[in-house]
Amino acid sequence: MGSLQLPISLDPIDSKKFIFCGNPSQFPDQFPILFATSYIRSRACLPTSLIRLKHIKVSPFETESPNGPDSNHVEDNTVSPLDNESVRGELSVKSVKGRVEKKGSRRDLGLRRGFRRNLNKPEWEDLFVYNNELDVNYSSVDPDLSLKNCNAILKRLERSSDSNALRFFEWMRCNGKLEGNLTAYRLILRVLGRREDWDAAEMIIREVSLDSGCQLNFQVFNAVIYSCSKKGLVELGTKWFRRMLEQSVQPNVATFGMLLGLYQKGRNVEEAEFAFSKMRGFGIVCQSAYSSMITIYTRMGLYEKAEEVIRFLRADKVVLNLENWLVILNAYSQQGKLERAEEVLVSMLEAGFSPNIVAYNTLITGYGKTSNMETAEQAFQRIHHVGLEPDETTYRSMIEGWGRADNYGKAEWYYGELCRLGFKPNSSNLYTLINLQAKYGDAEGAIRTLDDMLEMGCQHSSILSTLLQTYERAGRIEKVPLILNRSFYQHVLFDQTSCSIVAMAYVKHGLVDDAINILGNKRWKDPVFEDNLYHLLICSCKELGHLDNAVKIFAQMPVLEDKLNLHIMCTMIDIYSVMGQFTEAEKLYLKLKSSGIALDMIAFSIVVRMYVKAGSLKEACTVLETMDRQKDIVPDIYLLRDMLRIYQKCGMQDKLADLYYRILKSGVTWDQEMYNCVINCCAHALPVDELSRIFDEMILHGFSPNTITFNVMLDVYGKAKLFKKVRKLFWMAKMQGLVDEISYNTIIAAYGQNKDLKNMSSTVQEMQFEGFSVSLAAYNSMLDAYGKEGQMENFRNVLKRMKASSCASDHYTYNIMINIYGEKGWIDEVAAVLKEIKENGLGPDLCSYNTLIKAYGIAGMTEDAVGLIKEMRGNGIEPDKITYDNLINALRRNDMFLEAVKWSLWMKQMGL
């Protein structure tokens with residue numbers, strides 16, 4: 001902070017002097033930097049050389065301020081006594097009042113007197129010209145002018161014009177005035193520091209090091225370090241410091257004061273520790289450096305290290321100044337060691353320092369952080385007892401402390417006192433107050449606080465965000481409409497940003513009617529922004545699961561039939577789909593379709609999923625056909641997976657194969673889900689070799705098949721009679737723990753269909769051994785296999801095992817039995833099965849009737865077979881092609897060719 005700056009001088013005799021005086025060896029304040037020069041020593045060069053950029057004008061105060069590095073902040077909290085502007089002047093080690101001088105002031109007068117000791121008045125006047133800024137009249141400058149006079153001219157130019165100073169410096173170089181002239185080099189480094197021309201500064205320092213008449217010292221490096229410090233250039237400041245050490249140049253007090261101040265601003269702990277250790281190693285004592293280190297550690301919560309630096313102060317026998325006392329007190333206060341802080345205050349007073357308001361403010365802040373407000377009150381009363389008056393920071397700290405202690409009454413009282421005394425609250429005070437007012441339901445107080453925020457210049461949108469967040473945390477968001485209606489409502493209606501903030505907050509907390517009310521009364525007009533806002537509100541409702549609110553907002557939107565918003569319509573289609581209101585969703589799609597708006601890929605995806613959820617796969621396929629005709633649509637991986645699943649459910653094997661090869665050509669990157677989806681959906685649409693290649697590629701890329709994928713591949717390999725691959729795949733699935741009941745059922749069915757009854761039986765035993773119960777599907781596979789092989793004993797044994805395990809038969813079981821008995825002409829057994837079906841309440845299905853007709857044909861019961869057609873229709877089952885084929889074959893089998901021809905003609909008429 002500005003009040004805690006240690007004035008820095010580069011004069012090795014007295015480090016406490018102000019740095020601006022007539023002596024050219026003194027060091028200036030910071031400036032922008034530029035330097036361009038040729039590294040030439042020649043009297044032949046011209047004085048108007050080599051200035052690349054235009055002059056940068058600098059205010060007199062900036063160029064002549066005696067302050068050193070930036071201040072040491074003792075506090076880094078929201079309410080810090082040491083951040084208070086009002087106390088900075090009080091804590092200044094030396095005041096700069098009266099030291100800011102303008103052109104023609106005492107500073108200039110001293111220079112002129114210096115000239116007059118060497119030049120007479122006419123010569124003095126002839127040396128300079130004034131063209132908006134001070135410059136040298138080169139026609140009047142004698143090349144044999146003394147070195148002292150040259151330096152005096154350069155010094156005056158350095159204070160008034162960077163570009164003219166650089167030009168005169170070139171003139172001095174050309175006329176041999178730089179050899180052994182360390183003063184000139186230091187002066188020009190000031191200019192380069194202001195211009196931030198570090199390359200040129202590097203060249204100057206290198207030139208000084210090569211000049212046998214000059215010796216690098218701390219003043220040369222301090223020139224550039226000072227500029228870095230004032231501008232906050234941490235890396236560059238560190239670079240010049242390390243360069244200084246490399247050149248074996250010992251820093252002085254000013255060097256470390258500037259560096260530690262720089263690191264304090266940049267919070268660079270590592271470099272600060274390095275510089276601090278070097279300072280102590282050189283035996284240099286810089287009071288501000290100790291303060292900076294304590295402040296850095298305190299701000300970063302490294303309290304143990306801060307206390308270690310405090311111990312260094314004692315060990316190094318540093319005579320503490322006011323700044324040192326204050327940062328020590330703050331270090332203890334910040335970590336809650338208030339007893340130690342009180343001891344520091346006592347010691348400070350015993351050391352002869354007067355009571356200081358900053359010290360008491362620091363204590364109050366510390367007590368406030370620990371919610372020890374009784375002691376904070378005592379500290380507040382002590383301020384009067386020691387002859388001081390509480391200042392703005394005092395009241396701010398008391399407000400924060402009572403706010404942290406959750407005492408609204410006390411916080412409000414101190415806030416009133418703050419305003420009564422003409423002080424201004426800070427943003428933290430207002431934030432504390434509005435939080436308490438929200439918590440305790442003081443709507444009137446909240447309105448007053450909002451007005452105070454406006455008076456402080458806070459933006460409406462920022463105030464609204466704070467208000468909404470505060471009441472949201474307090475769980476009183478329903479109170480916000482009342483507060484806004486009384487103070488901010490008109491602003492909300494006229495400002496679209498504020499309107500959107502409020503509407504979003506209302507929707508988030510279910511206050512949809514209030515949000516709709518604001519949107520209905522708004523006074524701003526921006527159709528694009530309004531559409532986006534409505535879309536955002538609807539999406540917010542969707543994410544929160546408030547689907548009815550989304551519908552309500554959509555219903556209140558302005559109706560613009562000629563300007564439908566594709567994004568809003570698609571979002572609503574998705575919401576209606578989730579709600580199961582497929583009719584409403586389809587209406588929106590048809591409205592979009594008739595409007596002529598071209599759907600994008602996302603829109604098609606939403607519509608397709610809507611039809612899939614509704615079970616309307618035919619309409620979903622129609623939408624996909626429409627999308628295919630729109631050539632600019634490139635499906636993403638998610639839509640491609642949806643398309644695969646739809647075509648699979650619809651049994652569209654040709655579409656599946658075409659889509660698969662389109663996916664290969666599209667170059668889309670496959671993920672694990674894509675591999676699983678393609679294998680599962682295209683199992684019956686692609687050759688076995690292609691499926692096997694996809695599966696192997698999936699494994700090669702490190703993706704893991706899921707259980708369904710394993711089972712699909714087991715079925716594919718089993719039907720292709722690739723039992724070696726079946727066994728290898730089953731082992732792989734077993735190793736990954738992905739084998740389930742369906743895996744065993746699939747292998748049992750494959751062995752049964754291949755008439756490998758031995759492996760079928762052993763797989764059933766393994767299934768039981770692994771803890772799985774023999775499933776109905778496994779029993780059906782065994783019945784079908786044994787029956788077709790004529791092993792009726794094993795067939796009956798399977799039926800007995802089913803009954804023993806209480807495994808109920810299904811239509812597939814009964815149909816297998818009817819088929820096997822019918823093939824053998826065992827019509828009584830067929831009748832028994834049919835009776836059992838009816839007793840179990842199942843009733844024959846289409847497959848049962850087809851099998852019965854076949855069985856009756858084999859048994860010569862043609863009339864019964866024909867009667868089944870009538871029975872089927874009576875039971876609401878429409879005969880299919882297989883039904884009629886079985887009937888015609890039954891009639892032919894029994895030499896009823898005329899009847900067979902009649903039924904054949906009937907099939908043709910039916911289009912079968």
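The model is predicted, so local features need pLDDT of at least 70, side-chain atom pairs count only at pLDDT 80 or more, and totals for chains, interfaces and linings use all residues. Residues are numbered from 1 along each chain as its sequence is written, and side-chain values use heavy atoms, leaving out hydrogens and water.

**Salt bridges**

- Side chains of opposite charge can pair when their charged atoms come close.
- With a salt bridge defined as a side-chain nitrogen of Lys or Arg within 4 Å of a carboxyl oxygen of Asp or Glu, the count comes to 43.
- Glu-158 pairs with Arg-194, their closest N and O atoms being 2.8 Å apart.
- This pair links distant parts of the chain, with Glu-158 in helix α5 and Arg-194 in helix α7, 36 residues apart; helices are DSSP runs (H or I, at least four residues), numbered from the N terminus.
- Glu-158 is buried at 2% relative accessibility, and Arg-194 is buried at 0%; buried means under 20% relative accessible area, exposed over 50%, partly exposed in between (1.4 Å probe, protein chains only).
- Glu-170 and Arg-173 also form a salt bridge (3.6 Å, N to O).
- Because Glu-170 and Arg-173 are three residues apart in helix α6, about one helical turn separates them.

**Around Gln-648**

- Gln-648 sits in helix α34 (residues 637-649) and is partly exposed, at 35% relative accessible area.
- Leaving aside residues up to four places away in sequence, Gln-648 touches Leu-656, Asn-680 and Cys-681, where a contact means heavy atoms within 4.5 Å.

Technical notes:
Helix = DSSP H or I, 4+ residues; strand = E, 2+ residues; numbered from the N terminus.
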